[in-house]
Amino acid sequence: MPEKIGVYIDESCLGPVLQAGALAEFVKGRFGKEVSVVRSHPRLNTPDGQKLIQADIDAGDVDAVCICSTSPRYDSDIFTFTGNVLVDRVNFREFIAKGYKNPDGSVLKTGDALPEELKLMAEDYLKMGILKLTKMDHPAPEIPDGTKTILVLGGGWTGLNAALSAATAGFDVVLVEKDAQLGGKALNLYKSFPLSAPWTDTEDTGIEKLVQAVQANAKITVKLGKTLEKLDGAPGMYIATIGGEDVAVGSVVLATGWDPISTKYLEPLGYGKIKNVVTSAEFEKLAKQGLGAKRVAFIADVAVCVEAGLKEEAAKAEAELAAAEAAKDAPKEEGEEKVFVFKDLESCKHLCYSSELNSLAALKQAGYVADAGGMGLIFYDHMMVPGINERYYKAAQDKPGVMLTKGTISGIREEGGGLVLLAQDTLLGESIEVAVDMVVLPTGIVPTTAHGPVMNFTYRQGPAFPELELFNGFADSNYICFPYETRRTGVYAAGCVRQPMTMATARDDAQGAVLKAIQCISSLNRGMAVHPRSGDKSYPKFNFVRCTQCKRCTEECPFGALDDDPKGTPMPNPTRCRRCGTCMGACPERVISFDNYNVDMIGTMVKCIEVPPKIDQGGPRAIILACENDAYPALDMAAMRGTRWSPYVRIIPVRCLGSVNTIWIADAMSKGTDGVLLLGCKYGEDYQCHFVKGSELCNRRMVNVADSLKRLGVEPERVVQQQVAIDDYAEAPRIIDEFMDYILKLGPNPFKGY
Amino acid sequence: MANTSILVVGGGFSGLTAALEAAEVGHEVFIVEKNPFLGGRVAQLNKYFPKLCPPSCGLEIQFQRVKNNPMVKVLTMAEVTEISGTPGNYEVKVALKPRCVKPGAADLSADAAALSKDVPSEFELGMGSRKALYLDMPFAFPHRYVLDKENLTEAETKTLARNGAIDLSETEKTLTLNVGSIVYATGWKPYDVTKLTNLGAGMVPNVVSNMQFERLTSPGGPTSGKIVRPTDGATPKRIAFVQCAGSRDENHLNFCSYICCMASLKQAAYIREQLPDASVTIYYIDLRTPGRYDNFKKRIMADEKVRAVKGKVAKIEAAGPGVKVTVEDAVTGLKGEDLFDLVVLATGMQPSLAGQKLPRGLEVDEDGFLVGGEDKGIFAAGCAKLPLDVMKSAQSATGAALKAIQTVKGR
């Protein structure tokens with residue numbers, strides 16, 4: 001804990017009325033013990049300002065620096081110092097100088113007298129900044145001696161590429177393949193659609209060469225005919241059980257690929273009933289052996305199948321719902337442990353999600369027929385060849401022997417040894433009948449993670465990735481910007497288990513996932529967190545003496561970082577942790593803390609805020625706990641765009657709303673604070689929370705907050721959570737002002753003045 | 001001793017991703033960005049498809065990662081002029097334009113507002129203006145103004161010369177970087193609409209490009225996100241989207257630009273959210289919504305006020321304050337006309353390197369996409385290589401970062 005705090009006030013960030021001298025006097029008067037140096041400077045974020053602070057550090061006068069200047073989102077490059085000092089920032093410019101308006105809405109100008117509201121606001125922020133530092137310590141990371149071996153699951157195209165990439169980067173690799181040979185589905189392919197520029201030609205897959213390269217690589221250990229039975233431990237120190245054998249691995253690339261959709265979904269197009277109606281996979285094998293058929297229809301339109309499939313799935317869902325309703329009334333045994341049940345996620349929708357690959361496969365396979373002197377007829381709804389593969393499509397169109405028809409298929413019948421395809425030609429608006437020798441149906445890419453847990457984590461939260469129904473079973477990321485982030489640190493998915501993708505894309509994808517797997521190992525060996533708090537050296541510490549084994553932290557951690565022992569005591573796994581603080585927010589006994597972020601710290605900040613004894617003498621007070629990732633920057637920008645908000649609120653940034661401990665709210669309320677506003681990210685299906693669940697969990701905990709406030713005798717309505725996106729800079733100040741109007745209507749907190 | 005540093009050319013989403021992913025493994029990385037700010041194309045977007053979440057959210061994470069990582073060095077207003085050497089040992093010459101504003105996020109908004117000249121803003125794509133002293137957007141990173149001296153009056157120059165945050169004496173500089181491998185993430189530019197003569201060549205009022213429409217709907221844009229007709233500020237009731245404006249056309253872009261179908265569906269969602277009475281018509285050849293984007297297409301198309309018409313737009317012309325669109329309906333085969341208040345051209349993406357003079361050793365195909373170079377330790381990432389969306393660009397850039405690392409490792 002720092003003992004000599006230096007407070008530095010930036011005169012350019014005070015606005016027209018505040019005076020650095022008066023603020024300095026306030027600090028000296030109030031924090032004579034904690035603060036050793038108070039200085040002001042015309043503009044701190046300059047080399048000169050930096051030097052001023054560095055000189056005090058070098059002289060040994062300060063061991064912590066409180067910079068009262070711009071938003072902490074800026075100038076961190078300038079406010080970097082040599083020497084072992086803690087640095088924290090008070091956002092004077094955005095939150096005070098630019099965010100302040102008088103209670104009547106007017107704006108201060110040079111020469112105005114210092115309003116009491118502004119004085120109190122500046123003092124509150126100063127107090128919070130200094131007290132925060134008194135509760136802060138340098139994070140001392142636990143640095144494990146992690147193993148650097150990368151486990152690659154799946155020996156198909158993606159897995160082989162991943163294994164080779166990781167080995168080339170210098171890492172040992174264990175490659176696990178469930179079949180007796182390497183190569184996966186690519187072995188059955190006659191050719192691939194384009195793998196490289198100029199993106200116009202069907203190419204050899206090169207799978208045999210790839211398999212040979214992997215087999216010849218001394219850094220790669222191949223385990224054939226085996227699966228991952230168990231993944232125990234945490235990144236850097238996993239024990240993977242593979243075919244009964246335990247292997248130490250550091251991180252995992254998941255490349256277990258896909259299964260073709262059940263052919264039952266293809267029955268509406270005659271599959272299984274009509275001879276010579278085959279799937280594209282079956283046709284590929286035929287093509288490899290040499291084609292006999294002369295006129296082949298390729299169907300890229302799946303409307304009929306999807307329509308039938310959706311009906312069936314709706315009926316099934318209804319029946320399940322009814323069964324669940326009936327089971328609800330059945331008596332439950334006391335203390336019954338929840339048993340993990342895997343819900344299969346295969347759906348006819350997987351046909352729709354595979355549109356790109358089906359379009360490309362139709363073009364490729366029609367090309368086979370054309371090249372063999374026959375006629376390949378493609379029926380499509382939307383030719384789904386986005387991007388560069390348009391060139392491949394163009395090349396196919398130019399091929400004599402390939403015919404494209406935009407149409408929907410209504411049926412297939414056998415006639416005179418051949419087949420007749422019934423279609424509605426969308427362009428000509430007429431029904432057509434086409435005689436062919438064979439009909440090739442599309443397939444659906446169903447990720448292996450839709451069919452089983454695959455990873456078989458021994459985590460308390462279960463063996464599978466959580467909530468994959470959001471991604472239709474794909475082990476995908478919910479981030480658009482960060483495609484490799486799964487809910488399980490250290491495991492990075494690539495290829496068709498993540499999304500339906502071409503072989504060219506999967507090859508790149510394998511490399512991306514390998515880099516993330518390397519990065520995970522590299523970060524944990526430096527004691528650092530991975531995305532989204534990459535580089536963070538803090539991690540949650542547990543004071544087990546006071547733990548009551550309530551299991552809330554283990555249940556709520558969005559990343560499944562915490563296991564528990566048979567008694568229910570949490571067992572932390574720092575290398576699984578993303579440092580969001582959700583566990584800290586969940587803990588009713590407040591036993592979880594970070595060196596630089598803890599319950600005591602925020603609680604002390606909350607409690608130091610001056611609450612006037614009466615609303616009509618000094619106004620109401622509210623605390624805003626703002627998500628530092630989105631809500632806080634939104635307020636920064638609102639201020640810089642000239643929008644201001646009520647002078648009665650004090651904003652405290654939190655790592656994530658998930659880290660908000662309800663004691664802070666209770667503390668605020670028992671001090672007479674009139675309201676608490678929680679500003680966090682959108683939750684629900686398209687959640688924007690950086691830590692996936694934080695804002696949602698915070699909202700769920702509101703029930704507990706309401707209960708404890710009622711016990712205190714405070715109206716629970718005084719606590720409100722609002723969703724704010726980072727670009728809601730126009731709305732955020734309005735939300736604050738509306739909240740304060742609402743609080744004024746509620747009237748003063750009954751505890752006020754006690 | 002071989003060099004383990006990596007150069008990333010381009011500070012858009014792909015470049016940022018490649019740079020950060022490599023830096024977080026411990027490599028020194030230089031980002032060379034020609035604009036004054038990082039973020040590239042995504043910084044101009046209002047929302048991403050299919051989540052309709054703000055791009056600034058992901059950019060904020062990236063910028064935080066840059067700020068927190070001393071291994072990442074950012075050079076803005078910088079361009080690579082020359083590359084020499086071999087894999088593991090490249091010498092790269094970089095030309096730096098003067099910013100004329102000193103480091104530190106000084107608030108120069110009042111100084112900027114006092115300037116007389118309104119300059120068309122490059123960032124707003126002609127939809128808005130800026131001052132000679134400016135930040136592109138509220139988020140701009142580095143959060144440091146840039147001064148273009150040419151647009152100052154003499155008196156203003158004198159006033160600014162006295163400002164401690166400003167350095168008028170700054171001049172163009174050249175810098176030499178020594179790196180082991182190079183990632184090219186130079187991205188794309190919207191296809192030049194003036195070449196699309198049948199679509200009005202950018203001359204018909206109230207016809208905007210999809211990127212301009214992003215600015216028009218963005219909370220930081222010229223209308224603070226209010227969807228209005230540019231000429232008179234009226235609220236548009238009938239809006240058309242013209243797909244493949246330049247894309248899938250041998251005379252223009254000989255490829256599909258990947259994002260435009262999803263972008264138009266997304267923009268239809270903006271319109272329907274903000275203007276409950278407005279109707280949207282999308283003229284398309286194929287609606288390309290690969291993978292799970294199918295869910296998004298179905299969601300948007302379930303709105304009865306959003307209509308998709310398979311047809312090629314033959315002509316766009318002014319009709320009073322509105323726009324007349326002549327379409328050959330591919331289904332009925334009939335040529336028809338329709339009137340709209342606002343037309344959005346789903347203009348395609350052209351690689352930024354198309355038509356550019358390139359440093360020796362770089363090779364592009366006839367459309368301007370980078371080809372080859374991998375054996376030289378030069379890797380293309382994102383839309384410099386292929387037309388991609390943001391998610392796939394991040395994927396491509398992460399893969400490129402690994403290749404760059406493999407090149408410099410163990411040499």
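Me: What percentage of the 411 residues of chain B count as buried?
Reply: This is a predicted model, in which local features need pLDDT of at least 70 and side-chain atom pairs count only at pLDDT 80 or more, while totals for chains, interfaces and linings use all residues. Residues are numbered from 1 along each chain as its sequence is written, and chains are lettered from A and ligands numbered from 1 in the order in which they are written. A residue is buried if 20 or more other C-beta atoms, placed from the backbone, lie within 10 Å of its own. For chain B, the share of the 411 residues that count as buried is 56%.

Me: What radius of gyration does chain B have?
Reply: The radius is taken over C-alpha atoms, and the globule rule is 2.2 Å times the number of residues to the power 0.38. Because a compact globule of 411 residues would have a radius near 22 Å, chain B agrees with the rule at 22 Å.

Me: How many residues of domain 3 of chain B are in contact with domain 2 of chain B?
Reply: The domain assignment, automatic or from a database, gives 109-156 as domain 2 of chain B and 192-348 as domain 3. Contact requires that the C-beta atoms of two residues, placed from the backbone, lie within 7 Å. Six residues of domain 2 of chain B meet this criterion with residues of domain 3 of chain B, which number seven.

Me: What distance separates the centres of domain 2 and domain 3 of chain B?
Reply: The centres of these two domains of chain B are taken over C-alpha atoms. Their separation is 30 Å.

Methods. A residue is buried if 20 or more other C-beta atoms lie within 10 Å of its own, exposed if 12 or fewer, and partly exposed in between; C-beta atoms are placed from the backbone.
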